[in-house]
Amino acid sequence: MFRFLCAMGIFGTIGLFVRWVDLPSSAIVLFRGIFGSIALYALMRLAGRRLNVEAIRRNGLRLLFTGVFLSANWIFLFEAYNRTSIATATLLYYMAPVLLILVSPLLKERITPFKFVCVLFALLGMALVSGFPGASFDGNWDGVLCGILSAVFYTALILNNKFLKDLPDDDLVIAQLGVAALLMLPYVLATEDVTSFSLDLTGIAALLAIGILHTTIGCKLYFTSLTRLSAQRIAIFSYLDPVVAIFLSVVVLGEAMTLSSAVGAVLILGAALLSETVGRKPAGKESN
């Protein structure tokens with residue numbers, strides 16, 4: 001449990017660090033993919049394990065889609081952080097569980113009336129957070145759109161990963177980060193003037209933190225704790241991530257949160273949390 005809570009706390013701070021890196025979102029995604037895949041592979045080798053190359057080959061096409069969805073997810077999320085408040089971007093990103101409910105029939109899962117009501121409340125919360133009809137809106141529709149798109153691509157990532165076969169967690173993370181990096185490299189070279197990239201000491205430190213803390217350590221803590229916890233606990237404590245992000249946006253960056261935004265936050269997080277926990281069967285004993 002402690003490792004999972006640490007991972008959620010770490011993920012909740014990434015928006016703050018992205019603000020301190022004066023690079024295009026695509027370049028940050030490229031760095032994260034390269035650094036994370038290499039560092040996690042090094043940790044795997046130090047532990048005496050090797051990549052399951054055969055499993056990666058069998059899942060090659062799905063992993064390609066995984067890299068596309070992961071790259072798009074991060075790009076739009078980082079753009080949302082820069083174009084609107086961290087709180088707004090994070091809350092819109094957490095529409096992903098609700099979107100999963102909407103597309104669950106694709107996985108032959110029935111949408112219960114209770115879950116449908118949760119979807120409606122979450123959509124209302126999204127409207128309040130994004131500013132419709134104007135009570136709390138900060139004018140950054142592009143940032144709101146980026147936040148929604150990040151949730152869409154995260155949903156696609158989760159759906160795609162459900163079809164991966166016999167691929168260990170470590171191998172999956174290394175492979176998807178590596179594929180994302182391979183996809184982003186030509187994109188960054190074609191769309192950005194890399195010779196103009198320049199970072200001060202704060203930016204360099206923040207970028208290294210994103211690579212070391214949020215990618216290598218965060219992903220390692222997250223995936224090694226998943227097998228030790230029940231689905232309900234994972235669902236409940238995943239919401240430490242947006243709570244930390246919202247707290248930092250208000251306290252550290254001084255970003256305002258109006259009453260309508262706060263109500264929207266409660267509706268989104270509450271609807272997503274309840275939809276994942278209510279009605280589930282109790283899980284067995286867990287490890288800490």
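## Confidence, core and salt bridges

This is a predicted model. The protein averages a pLDDT of 83, and 88% of the residues score at least 70. Over residues 283–288, the pLDDT is below 50. That stretch still has 11 contacts in the model beyond near neighbours in sequence. Where pLDDT is low, the predicted coordinates should not be read in detail. Among the elements, helix 3 (residues 25–46) has the highest mean pLDDT, at 93. Helix 12 (residues 231–237) has the lowest, at 63.

**Nonpolar cores**

The largest nonpolar core has 64 residues. Those with the most contacts inside it are Val18, Val21, Ile28, Phe78, Tyr81, Ile210 and Tyr222. Take Val21. Leaving out residues up to four places away in sequence, Val21 touches Ile28, Leu199, Gly203, Ala206, Leu207 and Ile210. A second core is separate and has 6 residues, among them Ala55, Leu63, Leu164 and Ala175.

**Salt bridges**

The structure holds 6 salt bridges.

| Glu79 | Arg83 | 2.6 Å |

Start with Arg83. Glu79 and Arg83 both lie in helix 5 (residues 60–83). Because they are 4 residues apart there, about one helical turn separates them. The Asp142 pair links distant parts of the chain. Asp142 sits in helix 9 (residues 141–161) and Arg83 in helix 5, 59 residues apart.

Arg83 is partly exposed at 35%. Asp142 is also partly exposed, at 37% relative accessibility.

Asp170 lies in helix 10 (residues 169–191) and Lys220 in helix 11 (residues 201–226), so the pair ties together parts that are 50 residues apart in sequence. Asp170 is buried, with a relative accessible area of 18%. That value is under the 20% cut-off for buried. Lys220 is partly exposed, with a relative accessible area of 24%.

Definitions and conventions:
Residues numbered from 1 in each chain as written. Predicted model: local features only at pLDDT ≥ 70, side-chain atom pairs only at ≥ 80, totals over all residues. Heavy atoms only, no water. Core = buried A, V, L, I, M, F, W, Y, C linked by side-chain atoms within 4.5 Å. Buried < 20%, exposed > 50% of the residue type's maximum accessible area, 1.4 Å probe, protein only. Contact = heavy atoms within 4.5 Å. pLDDT = per-residue confidence, 0-100. Helix = DSSP H or I, 4+ residues; strand = E, 2+ residues; numbered from the N terminus. Salt bridge = Lys/Arg side-chain N within 4 Å of Asp/Glu carboxyl O.
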